[in-house]
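Hi,

Here is the structure I promised to pass along. Have a look at it first, and my notes follow below.

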Amino acid sequence: ESAKHDEDMWVLLANANVHDAKARKLFEALKSNSSITSVNLSANHIGDEGIQALVDVLQDGGAPELINLDLRGNTLSDDAQQLLTDLHKRRKQLVIETGPLPDESAAEAAASSSSKPGTPAKGRGRAAHIQQQQQQQQEQPDKDGWDGQSIKD
């Protein structure tokens, strides 16, 4: 009996000068990939042609485990935005992030301010929010006594 290796695989190509031609090659490689769960292509130069290539691959079942796609900081036309909206309708589990990246100074200000428990840390992104939740769980164990840390075999 074979055991499935279930580790998440992330591709981090933020601010990597990825243009449409490079994006097409990357997305072509995603066709047969069943391990990658997250791709960060923020702050690149992906346009309509690259988005069309991405949508073609993902709508045809490529990268079936992909659940997060970060395209923030790419200048996307209304047509590209519509393609991504249509893609999300077909692959509802896929979170597609678009729009501008948070401003550095706004992120630093948010990082130095305190948030109410359970309130996302604005401007700090998903990782900071998860870190905040883990810290709160460690400070206040739940009624079952779980301290918020994972148990590994």
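A word on terms before the sheet: two strands pair if DSSP finds at least two bridges between them. Helices (H or I, at least four residues) and strands (E, at least two) are DSSP runs, numbered from the N terminus. Please keep in mind that this is a predicted model, where local features need pLDDT of at least 70, side-chain atom pairs count only at pLDDT 80 or more, and totals for chains, interfaces and linings use all residues. Residues are numbered from 1 along each chain as its sequence is written, and side-chain values use heavy atoms, with hydrogens and water left out.

Now the sheet. It is open, has 4 strands in the order β1-β2-β3-β4, and its pairing is parallel. Because β1 (9-12) and β4 (95-97) are at the edges with a single partner strand each, one side of each has no neighbour in the sheet. Ignoring direction, neighbouring strands are turned by 10° against each other on average.

Going pair by pair, β1 and β2 (residues 36-40) are joined in the parallel sense over 4 bridges, and Leu12 has Asn40 in β2 as its bridge partner. β3 and β4 pair in the parallel sense over 3 bridges, with Leu69 opposite Ile96 in β4.

On to the helices. The axes (lines fitted to C-alpha atoms, for helices over the stretch in contact, with angles from 0 to 180 degrees between N-to-C directions) of α1 (residues 20-30) and α2 (residues 48-59) come within 8 Å and cross at roughly 5°. The two helices are therefore roughly parallel to each other (angles under 35 degrees count as such).

Finally, confidence. The mean pLDDT (the predictor's confidence in each residue, from 0 to 100) is 77, and 63% of residues reach 70 or more. Among the elements, β3 has the highest mean (98) and α5 (residues 125-139) the lowest (48).

Best wishes

Key. Angles under 35 degrees count as roughly parallel, over 145 as roughly antiparallel, 65 to 115 as roughly perpendicular and the rest as oblique.
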